[in-house]
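Here are some friendly notes to read with the model open beside you.

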Amino acid sequence: MIDANTGAVLGTIDLGGAPEQAISDGKGHLYVIIQDKSNVAVVDAKTMKAVASWPLAPCDGPTGIAFDPKTHRIFAGCGKTPTVVNVRSGHASATLPPVARPAPPGTHLTPQPPNLPLGPPRPGTRCPPDR
């Protein structure tokens, strides 16, 4: 963990695999894509400890993550099978229609505004990191 104001390293967390990307729920939890295990690690930001690990099956090799605070869902970019996880239960609740090609590493998935239908992300779509 790194202090965003000072850049100081506050500690390290064993996530049990290779972290790819993370996103915060704004309420003290970080959701971290673990690419080599195809799961999401849940981190308590206050204690700096992993508190859960949720499988993303049928996802294989996740590369991107987005969080929708209104519906309490994570969207994981997973090759041809983007997966939706309910953060209240930790269960993969749906998969999105396949995309034409896998999203490249580092792709950020951004939920669309409520007046637009939710569809799969366009391959290669990028947005600035969350601040």
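1. A word on terms before we start: helices (H or I, at least four residues) and strands (E, at least two) are DSSP runs, numbered from the N terminus. Please keep in mind that this is a predicted model. With those terms, H72 sits in the loop between strand 5 and strand 6. The phi angle of H72 is near 60 degrees, which is a positive value in a residue other than glycine.

2. Now the overall layout. The chain has 0 helices and 8 strands, and reading along the sequence gives the pattern β-β-β-β-β-β-β-β. Of its 131 residues, 32% count as buried. If you take the contacts with a separation of 6 or more, 32% of them are between residues 24 or more positions apart.

3. How many disulfides does the count come to? The count is 1 disulfide, formed by C59 and C78 with their sulfur atoms 2.2 Å apart. This pair ties together distant parts of the chain, 19 residues apart. C59 belongs to the loop between strand 4 (49-55) and strand 5, while C78 belongs to the loop between strand 6 (73-77) and strand 7 (83-86). The torsion about the S-S bond is about -90 degrees, so the disulfide of C59 and C78 is left-handed.

4. Are the two cysteines buried or exposed? The cut-off for buried is under 20% relative accessible area. C59 has a relative accessible area of 6%, so C59 is buried. C78 has a value of 3%, so C78 is buried.

5. The peptide bond leading from A57 to P58 is cis, and its omega is near 10 degrees.

6. In soluble globular proteins, nonpolar side chains tend to be buried together. Here the largest nonpolar core has 15 residues, and the members that touch the most others are Y31, V40, W54, L56 and I74. Strand 2 (29-34), strand 3 (39-44), strand 5 and strand 6 each contribute at least two residues to this core. A second, separate core has 6 residues, including L15, V32, I34 and V43.

7. Setting aside residues up to four places away in sequence, V40 touches Y31, V32, I33, A52, S53, W54, L56 and I74.

8. I33 is another one to display. I33 is placed in strand 2, and its relative accessibility is 0%, so I33 counts as buried. Beyond its neighbours within four places in sequence, I33 is in contact with A18, P19, E20, Q21, N39, V40, L56, P62, T63, G64, I65 and A76. From I33 to L56 the chain runs 23 residues, and their C-alpha atoms are separated by 9.4 Å.

9. Q21, one of the contacts of I33, is in strand 1 (residues 19-24). With 11% relative accessibility, Q21 counts as buried. What does the side chain of Q21 reach? The side chain of Q21 reaches the backbone oxygen of T63, at 3.3 Å.

10. D68 is part of strand 5 (residues 64-68). D68 is buried yet has no salt bridge. R73 is the nearest side chain of opposite charge, 4.2 Å away from D68, and the cut-off for a salt bridge is within 4 Å. The side chain of D68 does make a polar contact with the side chain of T71, at 3.1 Å.

11. M48 has a positive phi as well, near 55 degrees, again in a residue other than glycine. You will find M48 in the loop between strand 3 and strand 4. The relative accessibility of M48 is 27%, so M48 counts as partly exposed.

12. Last, take a look at A92 in strand 8 (residues 91-95). At 36% relative accessibility, A92 counts as partly exposed. Leaving out residues up to four places away in sequence, A92 touches P55, A57, T83, V84 and V85. A92 and F75 are 17 residues apart in sequence, and C-alpha to C-alpha they are 9.6 Å apart in space.

Notes
Residues are numbered from 1 along each chain as its sequence is written. This is a predicted model: local features need pLDDT of at least 70, side-chain atom pairs count only at pLDDT 80 or more; totals for chains, interfaces and linings use all residues. Side-chain values use heavy atoms; hydrogens and water are left out. Buried means under 20% relative accessible area, exposed over 50%, partly exposed in between (1.4 Å probe, protein chains only). Lys and Arg count as positive and Asp and Glu as negative; His and the chain ends are not counted. A polar contact is a pair of N or O atoms within 3.5 Å; within protein, one must be able to donate a hydrogen and the other to accept it, and residues adjacent in sequence count only if both atoms are side-chain atoms. A disulfide is a pair of cysteine sulfur atoms within 2.5 Å. A nonpolar core is a set of buried Ala, Val, Leu, Ile, Met, Phe, Trp, Tyr and Cys residues joined through side-chain atoms within 4.5 Å. Contact means heavy atoms within 4.5 Å.
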